[in-house]
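Thanks for making the time this morning.

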Amino acid sequence: MKRERATRLLEDMITRLEQGGWPLGLVDEVYVFGSYVRGAPEPNDVDVVVEHGTDKRWLGESLHASINGGDPYVGMRQALRGRTRGISFQFRGVSLRDEGFDLFLLWRKGEPFSLARARLSSLREDPSAGTAPRDHMLAAFEGLEGLVPRPARIELFNRHAAGRISVIPLTLRDGHPADGEVARHVRRRWVETSPLRRAAVCALATLEDEGVDLGGVVLHGKRLFGRGQPERCFVDFGWSGFGHMGRLLDGGLSWLEVMRPHMTKPMDALLIQSAPR
């Protein structure tokens with residue numbers, strides 16, 4: 001993206017923090033790092049670290065998300081960036097300093113927001129600063145770099161390097177699963193105009209092509225056929241269930257990640273399979 005747009009995204013984020021409300025009132029510190037801080041004229045995205053506290057509501061909603069295969073940070077991300085894209089968040093990620101990343105403090109709780117805006121203005125463009133190559137890259141991520149968040153890249157890279165998983169990039173085909181009960185399950189959950197419905201039917205049709213028994217599929221947190229068969233594959237949209245990925249892969253399940261559900265555009269996905277023990 002152009003640097004001007006990246007700056008607007010950060011300015012809008014500061015304004016949202018200033019307006020407060022839940023869960024933004026839990027935010028303690030905000031840092032920026034990566035190519036934007038170095039002055040890149042066209043950063044890939046804006047890398048932001050958010051340190052935050054918790055309260056009773058946060059703990060309750062996080063527990064609910066964990067039990068139901070959701071992402072506890074969906075609300076926090078939307079509150080910080082609205083409905084725009086372009087900011088990549090790392091929550092409780094100050095430990096990135098230990099990996100050699102320079103974190104630029106944008107705002108700390110108790111400071112005036114005018115100071116955050118002044119700090120942002122101090123970050124100048126440097127025409128010689130290009131975008132740095134992404135770390136923890138696999139061949140399967142080529143061409144999909146902007147769709148795989150850094151925590152997912154690290155998790156998958158380390159597991160792949162240890163020989164514990166295979167990662168296969170897929171472009172989902174438009175189609176419908178052959179099983180009528182599966183089709184009814186999808187229709188009950190999403191309206192016809194929902195990108196998630198299209199993602200679901202395309203993902204299930206692709207899994208059928210790959211020879212996966214849909215009887216063991218968990219579709220975006222819910223089983224297709226109750227509890228009759230053991231779970232074999234988890235289908236996820238937009239990394240919403242990423243917090244459970246490690247545990248499920250350790251249990252031998254496969255994982256199909258549809259990275260950006262869309263109503264008309266081709267949808268990229270990663271099929272992640274546990275290696276035989």
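I will begin with the nonpolar cores and then turn to the helix pair. Please keep in mind throughout that what you see is a predicted model.

In soluble globular proteins, nonpolar side chains tend to be buried together. Here the largest nonpolar core holds 28 residues, and those with the most contacts inside it are Met 13, Val 48 and Leu 80. The elements that each give two or more residues to this core include helix H1, residues 3-19, strand E2, residues 46-52, and helix H5, residues 113-121. H1 provides the largest share, with 6 residues.

If we take Val 48 as a place to look around, and leave aside residues up to four places away in sequence, its contacts include Leu 10, Met 13, Val 30, Phe 33, Ile 87 and Phe 89. There is also a second, separate core, made up of 24 residues, and Leu 170, Trp 190, Leu 204 and Leu 224 are among them.

Now to the helix pair. Helix H7, residues 180-189, packs against helix H8, residues 195-209, at an angle of about 160°, with the two axes 10 Å apart. Since angles over 145 degrees count as roughly antiparallel, H7 and H8 are therefore roughly antiparallel to each other, and their crossing is right-handed.

Which residues meet where H7 packs on H8? From H7 we have Val 182, Val 186 and Arg 187, and these meet Arg 197, Ala 200, Val 201 and Leu 204 in H8.

Conventions:
Residues are numbered from 1 along each chain as its sequence is written. This is a predicted model: local features need pLDDT of at least 70, side-chain atom pairs count only at pLDDT 80 or more; totals for chains, interfaces and linings use all residues. Side-chain values use heavy atoms; hydrogens and water are left out. A nonpolar core is a set of buried Ala, Val, Leu, Ile, Met, Phe, Trp, Tyr and Cys residues joined through side-chain atoms within 4.5 Å. Buried means under 20% relative accessible area, exposed over 50%, partly exposed in between (1.4 Å probe, protein chains only). Helices (H or I, at least four residues) and strands (E, at least two) are DSSP runs, numbered from the N terminus. Contact means heavy atoms within 4.5 Å. Axes are lines fitted to C-alpha atoms, for helices over the stretch in contact, and angles run from 0 to 180 degrees between N-to-C directions. Angles under 35 degrees count as roughly parallel, over 145 as roughly antiparallel, 65 to 115 as roughly perpendicular and the rest as oblique. A crossing is left-handed if the near helix is turned anticlockwise from the far one by less than a right angle, and right-handed if clockwise.
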